[in-house]
Amino acid sequence: MAALSKVFAARLAGLGVLGPDGESIGRVRDVVISMRVGRAQPRVLGLVVELATRRRIFVPMLRVTSIEPNSVQLTTGNVSLRRFTQRANEILVFAQILDSKVRVDDPELDELHDVDSIVVDLGVELTRTRDWVVARVAVRKQRQRLARRGAIHVVDWQHVQGLTQNELSMPDQGVAQLLMQFEDLRAADVANAMRELPVKRRMEVARALDDERLADVVQELPDDDQVELMHYLGVDRGADVLEAMDPDDAADLLGELPETEAESLLRLMDPEDSAPVRRLLEHSPDTAGGLMTPEPVILTASTTVAEALARVRNPDLTPALASLVFVVRPPTATPTGPYLGCVHLQQLLREPPASLVGGVVDSALPRLSPDDSLTAVTRYFATYNLVCGPVVDDEDHLVGAVTVDDVLDHLLPEDWRDQEVAGQ
């Protein structure tokens, strides 16, 4: 059965949730969305899943591989078993949105103008950036007493009034205006803007951002501001934000915290997210092992060039990480099987799509060792004109990759972000 890229939320109610091997995790009981400023389409954050024990947990949409007609497939069976607790910036579709009273201003639906309608369902879609958003709303005219039910109409999200931040008790107007200003900014620019806000307002904005957006912003903050923000968020929300961060950035942040606090956060994180972070924390932060990310693009020799190019098109990859794919023998999760070599993106673009990457592997490019110093890593990039390099241990396992942006973060003065803000 083909995976769905568009689905009405009500169809998800009660669907079985399956792990990667087809094992049953539980059933969908609600859909969690994050309202955005104005009439921008809300993001679908994840699913409330009820386990066999009746405990309800949260499964992020990032964990969802596909939505099938009869089930929801996850990328991993290792999900956080913490009981779901709704946050201030989250809205439950089934519990709060359905049956809400709204007004429709679609010019093609005159019969719904100036009358109350009831939300029957929400249509969610998968975007090119792999985010799920609320795109459509199914409504029915509110019937008068003893009147027959009216027809259901499906309208675009922007034509529905009554599901705004104010109606749903979202952040106050001051925070809402800031979120509107931040909507299209890069994470680094949002981080700079937040640092200029009073502490109270800064924390209100942090509370209103969803985990993925906040994680991107936190990664761009100086160490002291990261620590201050984590203390404000508390361990539960802090662990969720750490899960959404890149493992190397999460390790850097945890390295700034007292050991007991860092361990508390690691224990609350999903085991699949905390494991690579723990491995990074075993290395000094100014070595290749401390600088690397454990999640580069890793393929086997039997992967086709077409598949490799599809992997590097992932919008979540930085340009540096997308510049090089690494070829190993299974397993492909770090630490991998024996490392075979790498293939540059430019080489992939020159090869026929049906060719195998094993036939174009560059096995001669020197590797970095986890213990290599920052100076050695810097010389490596300068010598070989690279923006990404493999980190391979003594047993020939690929354990990660260092990118040039990680090197620059450690080469620049500690207060370089302060200097940037001062110069604006």
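In which helix do glutamate 263 and arginine 267 both lie, and how many residues apart? The two sit in helix α8 (residues 259-268), 4 residues apart, or about one turn of the helix; helices here are DSSP runs of H or I with at least four residues, strands are runs of E with at least two, and both are numbered from the N terminus. This is a predicted model, in which local features need pLDDT of at least 70, side-chain atom pairs count only at pLDDT 80 or more, and totals for chains, interfaces and linings use all residues. Residues are numbered from 1 along each chain as its sequence is written, and side-chain values use heavy atoms, with hydrogens and water left out.

On to the charged pairs. Side chains of opposite charge can pair when their charged atoms come close. A salt bridge here is a side-chain nitrogen of Lys or Arg within 4 Å of a carboxyl oxygen of Asp or Glu, and the whole structure has 18 of them. Glutamate 263 and arginine 267 make one, at 3.2 Å from N to O. Arginine 267 is exposed, at 65% relative accessible area, while glutamate 263 is partly exposed at 24% (buried means under 20% relative accessible area, exposed over 50%, partly exposed in between, with a 1.4 Å probe and protein chains only).

Other pairs reach across the sequence. Arginine 43 bridges to aspartate 131, with the closest N and O atoms 3.5 Å apart. That links distant parts of the chain, 88 residues apart: arginine 43 belongs to strand β4 (residues 43-50), and aspartate 131 to the loop between β10 (117-126) and β11 (132-141). Arginine 43 counts as buried at 15%, whereas aspartate 131 is partly exposed at 25%.

Then there is arginine 202, whose side chain meets that of glutamate 228 in a salt bridge of 3.1 Å, N to O. Arginine 202 is in helix α4 (residues 199-208) and glutamate 228 in helix α6 (residues 223-244), so parts 26 residues apart in sequence get tied together. Arginine 202 is buried at 12%; glutamate 228 is partly exposed at 32%.

Now for the nonpolar side. A nonpolar core is a set of buried Ala, Val, Leu, Ile, Met, Phe, Trp, Tyr and Cys residues joined through side-chain atoms within 4.5 Å. The largest one holds 77 residues, with Met194, Val205, Leu242 and Val402 touching the most other members. Helix α6 gives the most to this core, with 7 residues. Apart from it lies another core, of 41 residues, including Val49 and Leu163.
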